[in-house]
Amino acid sequence: MKNPLDSLWGTVISGLVLTIILYYVVRSIPA
Amino acid sequence: MDFLPAIARWVHFLAGVMWIGLLYYFNFVQVAAMKAAAADGTAAGITKHVAPRALLYFRWAAVVTWLAGAAILGNLFVPAFTLSKGMAGIGVGAWLGTIMLFNVWGLIWPNQQKILGMKPATDEEKNKARRVAFLASRTNVMLSIPMLFFMAGGWSHRAAFGL
């Protein structure tokens, strides 16, 4: 499997996916 | 006393633009430019004159950004980093920025010194350094996307985002 960080688009898409994941992680922390 | 946080926020933005701006320059411009320049024998212009200057501002802007960010947090520094009540959004932004700072000083800069000939290194060591510096830099581009999301809205717009 290719490393997504080898391409700029792969890097940007990885960053967007990570943003969504972290958003839901943060929302699950009780305020 | 409201004056100091306002100055810290201003400095945080100024240094942050320089840091992330240069990070995007390296990844969106210089990596591709180096490939083309190596092919026509003009890479020395970049490695000798451009990259060392860009790296100087890049690594110190990272430090100033982090320090100004810590100053903005003030006595909320520990609650942010421990993701305590209501601080999880900005806390994740702060953690991502801190990991990125470590990548700059712990991985990118030491390996760039080998690549640019500022530190002695064999060709094999240089090739390894190239890969490590490249991946650390790309990791920072990836992390900058959620980092800027949480910096931009993690505190001031936390209610709108349900954070």
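Q: Which residues of helix 1 in chain B are buried?
A: Start with the general idea: a residue is buried if 20 or more other C-beta atoms lie within 10 Å of its own, exposed if 12 or fewer, and partly exposed in between, with C-beta atoms placed from the backbone. A helix here is a DSSP run (H or I, at least four residues), a strand is a run of E with at least two, and both are numbered from the N terminus. In helix 1 of chain B, the buried set is B:His12, B:Ala15, B:Gly16, B:Trp19, B:Ile20, B:Leu22, B:Leu23, B:Phe26 and B:Asn27. Bear in mind that this is a predicted model, where local features need pLDDT of at least 70, side-chain atom pairs count only at pLDDT 80 or more, and totals for chains, interfaces and linings use all residues. Residues are numbered from 1 along each chain as its sequence is written, and chains are lettered from A and ligands numbered from 1 in the order in which they are written.

Q: What do those buried residues of helix 1 in chain B pack against?
A: Packing is read from contacts: two residues are in contact if their C-beta atoms, placed from the backbone, lie within 7 Å. The buried residues of this helix pack against helix 1 (8–27) of chain A, and also against helix 2 (43–73) and helix 5 (123–153) of chain B.

Q: And B:Met18, is that buried, partly exposed or exposed?
A: B:Met18 sits in helix 1 (residues 3–39) of chain B. It counts as partly exposed because it has 17 other C-beta atoms within 10 Å. Leaving out residues up to four places away in sequence, B:Met18 touches B:Tyr57 and B:Ala61. Its C-alpha is 9.8 Å from that of B:Arg59, 41 residues apart along the chain.

Q: How do I compare a helix's length with what its residue count predicts, and where is the kink in helix 1 of chain B?
A: The expected span is 1.5 Å times one less than the number of residues. Helix 1 of chain B has 37 residues and should span 54 Å; its end C-alpha atoms are 52 Å apart, which agrees. For kinks, take the angle between axes fitted to the seven residues ending at a position and the seven starting there. This helix has a kink of about 40°, centred on B:Gln30. After the helix comes B:Gly41, with a positive phi near 75°.

Q: Where does helix 2 of chain B bend?
A: Helix 2 bends by about 40° at B:Val50, and a proline, B:Pro52, follows within four residues. Its 31 residues reach 42 Å from first C-alpha to last, close to the 45 Å expected. Buried residues in helix 2 of chain B include B:Phe58, B:Ala61, B:Trp66 and B:Leu73. Its buried residues pack against helix 1, helix 3 and helix 4 of chain B.

Q: Where do the buried residues lie around helix 1 of chain A?
A: An α-helix has 3.6 residues a turn, so residues three or four places apart point the same way. Here the buried residues are A:Thr11, A:Ser14, A:Gly15, A:Leu22 and A:Val26. Seen down the axis of helix 1 of chain A, they fall within an arc of 100° (taken from the directions from the axis to the C-beta atoms), so they line one face. On the other side, A:Trp9, A:Ile20, A:Ile21 and A:Tyr24 are exposed. The buried ones pack against helix 4 (88–115) and helix 5 of chain B.

Q: How many residues does each chain give to the contact?
A: Chain A gives 14 residues and chain B gives 19. By class, chain A's side has nine nonpolar, four polar and one charged residues. Nonpolar here means Ala, Val, Leu, Ile, Met, Phe, Trp, Tyr, Cys and Pro; charged means Asp, Glu, Lys and Arg; the others, Gly among them, are polar.

Q: Which residues touch the most other members of the largest nonpolar core?
A: A nonpolar core is a set of buried Ala, Val, Leu, Ile, Met, Phe, Trp, Tyr and Cys residues joined through C-beta atoms within 7 Å. Of the 37 residues in the largest one, B:Trp19, B:Leu23 and B:Phe150 touch the most other members. Helix 5 of chain B gives the most to this core, with 10 residues. Setting aside neighbours within four places in sequence, B:Phe150 contacts B:Gly89, B:Ile90, B:Val92, B:Gly93 and B:Leu96.
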